[in-house]
Amino acid sequence: MTALIADKLTVKRDNATLLDGLSLSLGPTGSVAVIGPNGAGKSTLLKVLAGIEAPTSGRILLGDRDLASLSHAARAHALGFVPQHFDPHWDLSVGELVQLGAERGERVAQEAVDKIIAAFELAGLGHRRWSTLSGGERARVLLATVLVVDPPVLLADEPAASLDIRHRLDVIRALAARGRDRLSIVVVHDLDLAFSFFDRIVLVDRGTVVADAPAPALLDDPRLDAVFGVRFERLQTNDGWLLRARL
Amino acid sequence: MRVWASLALALLLAIIVAACAGHDWASPGDVLRAIAGDPSLGARLLVEWRIPRVLAAALVGALLGLGGTVFQGVFRNPLAEPYLLGSAGGAALGATVALLVPLAVPQSLLLPVLAFAGAWGATILVIGISRVSGAVDAAGMLLAGVAMAAILGALRSFLMLALSDETVSLQIVLSWVLGGVQTPSWPVLGLMAAISAACLGLTLVLARNLDILGLGETMATSFGLNVNRFVMLAVLAGSVVVAAAVAFGGLVAFVGLASPHIARWLVGPLHRPLLPASALVGAIVVTVADAIARSALPPAEIPLGLVTAVAGGPFFILLLARRLRT
C-alpha cells in the first residue's frame with residue numbers, strides 16, 4: 001500500500017507554465033477522478049506523477065521515498081500508466097503485448113499473466129494482432145498490459161474517451177473499481193462519469209488544484225461552473241445527479 | 001521451428017550454389033572434393049579463393065541484416081536503413097583516403113580499418129551534434145545524419161578531385177563505393193566470423209528494450225526505459241555492426257533495409273527472433289547477389305552494390321507503395 005504525495009510541482013516548458021506549484025496528497029487506496037478544462041494541466045500532472053516527465057521544481061513522494069530516487073524498474077512496477085493514445089509501432093499480438101507488460105521491472109509469475117488475461121476476457125485473443133482489434137478490445141488489452149504487474153498506483157489518462165458508451169462504462173468502471181484496494185487516479189472527461197463512479201474529485205485549472213473533495217461535496221460547488229466557464233444545471237435522477245451545461 | 005529450418009536450409013543452398021558459381025562453374029561435387037582436400041589446382045583455387053569469398057559475403061549480409069533491424073527498431077520507421085546516420089558517407093570518406101592517399105601501411109589492412117573508423121566516427125559525430133544542439137531524440141539524430149551525409153559527401157568529392165591524376169584512377173574508389181566483398185584469407189575469415197557472432201550477441205542484448213521502445217516513448221518510459229539513453233546506446237551498437245559490414249563489404253545497397261522486412265513477415269515483429277532471422281535473410285541475399293556479381297558477366301565482376309540495388313530498388317518501391325496505401 002503506497003500513498004502518493006505531490007509537493008509544490010511546477011512544470012515550465014518554453015515559457016509556458018503547465019503546472020504551477022501544484023500540491024496533492026493521496027492515500028494508499030481510493031478512486032480519484034482528475035477533471036478540468038482543456039489545457040488545465042491534467043495530462044502533464046499525470047505524466048509527472050508517473051515519473052514520465054520530470055518537474056521543473058517540486059517533488060513527488062511514493063510512500064516514504066522520493067520518486068526521483070527510485071530505480072527505473074522499481075518505478076515501472078509501482079506506477080502503472082495508461083496513456084490517452086496508445087498505438088504500438090510494431091503489430092504485436094495480444095499475448096506478446098501483455099508479456100511485455102509483465103516483463104517490465106521485476107518479472108512476474110506466469111499465473112499473473114494468465115489471471116489478467118482471464119480478468120479482461122482476452123483468452124481467445126492471444127494470437128490476434130493489434131491491428132485487427134476493435135477499439136473496445138484495444139482498451140482491454142492496454143489495461144491488461146499495464147495492470148499485469150498489479151501496480152499499487154494506477155494513473156490513467158482516460159483511455160476510453162473515444163469508445164462507445166458501453167465500452168466506455170466498462171473501462172471507467174474497471175479503473176474506478178481498482179480504488180477499493182489500490183490507488184487509482186484517472187483523468188476523466190465526462191463529468192457525469194466522474195461524479196458517478198469515483199470517490200474523490202480533483203478539479204484542476206491553470207496548473208493548480210482548484211478544488212479537491214469527495215464527489216458528493218463538490219457537486220454543488222460553484223467553482224465547478226467557474227472553471228469550465230459554463231452554468232451547470234444539477235438534475236436529480238433516481239440514483240444520483242446529472243450535470244447539464246448551459247452557456 | 002519450420003521457419004528456422006527453412007532459413008538455415010536456404011542459406012546452405014545459397015552457399016553451395018555460390019561456391020559453384022564463378023567464371024568457371026564448379027559442380028557441387030567439385031566443391032565437396034575441394035573441401036575434402038583434393039590437391040588439384042582447381043580445388044585449391046576453390047578453397048583458397050572462392051569459398052572464403054562466399055562465406056565472407058554471407059557474413060556481410062548477416063551484419064547488414066542485424067544493423068538494419070536495430071536501426072528500424074530504434075527509429076521505429078520501416079524506411080530506416082543502416083546507412084542513415086552518416087555511416088555510409090563516413091565509410092566512403094575513409095575508403096577514399098585509404099585508396100588515394102599514399103600511406104606506409106598495406107592497403108588491404110588500411111581499407112577496412114579506415115572504412116570502419118569513418119562509418120563509426122560519422123555516427124558518433126552525428127550523436128554528438130544532436131546532443132550539443134539539444135535534439136537527442138530520434139528526429140534530431142536523423143536531421144543531424146542528413147546534414148552529416150551531405151558534408152561527408154562533399155569532402156569525399158573534394159578529395160577525389162584533389163588527389164586524382166594520371167597515375168591514380170578514380171575507378172577503384174567508385175567500385176569500392178558500389179560495394180564488393182573482398183576475398184579474405186582463412187584467418188581473416190575467422191576474425192570476421194568472430195566479430196559477426198559478437199555483433200549478434202550485442203544486438204540481442206538490445207532486443208527486449210527495442211520491443212518496449214516500439215510501444216511509443218511515453219509507454220516505454222512508464223515501463224522503466226530511459227528512452228534517450230537507450231536510443232543513443234542502440235545507435236552506437238547498431239553503427240558498430242554497420243561499420244563492420246562496411247569494412248568487409250563496402251557499401252551494399254538495400255540489404256539492410258529489406259532484410260528486416262522479409263524477416264518480419266517470417267517470424268513477426270518481436271526483436272529476439274527478428275534479429276537472427278534478419279541476419280539469416282541478409283546472409284542469403286548477399287550470398288546470392290555476390291554469386292551473381294561474380295558470374296553474370298565473365299570475366300568482369302559487377303559491383304555487388306549494383307546487383308543488390310537492381311533487385312532492391314523495386315522492393316523499396318513496393319514497400320513505399322504498401323506504406324502509402326495503409
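**Notebook: helix pair, sheet and chain contact**

Axes here are lines fitted to C-alpha atoms, for helices over the stretch in contact, with angles from 0 to 180 degrees between N-to-C directions. Helices (H or I, at least four residues) and strands (E, at least two) are DSSP runs, numbered from the N terminus.

I noted that this is a predicted model, in which local features need pLDDT of at least 70, side-chain atom pairs count only at pLDDT 80 or more, and totals for chains, interfaces and linings use all residues. Residues are numbered from 1 along each chain as its sequence is written, while chains are lettered from A and ligands numbered from 1 in the order in which they are written.

I then listed the residues between the two helices. From helix 5 of chain A, A:Gly135, A:Gly136, A:Ala139 and A:Leu143 meet A:His167, A:Val171 and A:Ala174 of helix 6 of chain A; contact means C-beta atoms, placed from the backbone, within 7 Å. By class this contact has four nonpolar, three polar and no charged residues (nonpolar: Ala, Val, Leu, Ile, Met, Phe, Trp, Tyr, Cys, Pro; charged: Asp, Glu, Lys, Arg; polar: the others, Gly among them).

Next I traced the sheet. Six strands of chain A form an open sheet in the order 6-7-8-3-9-10, with mixed pairing; two strands pair if DSSP finds at least two bridges between them. Strand 6 (79–82) and strand 10 (208–214) of chain A are the edges, each pairing on one side only. Neighbouring strands of this sheet are turned by 15° against each other on average, direction ignored.

Strand 6 of chain A pairs with strand 7 (residues 153–157) of chain A in the parallel sense over four bridges, and A:Gly80 has A:Leu154 in strand 7 as its bridge partner. Helix 1 (residues 42–49) of chain A lies across strands 3, 7, 8 and 9 of chain A, at about 150° to strand 7.

Last, I turned to the chain contact, which takes 20 residues from chain A and 17 residues from chain B. Helix 2 (72–78) and helix 3 (94–102) of chain A each give two or more residues to the side of chain A that touches chain B. Helix 2 of chain A gives the most, with four residues.
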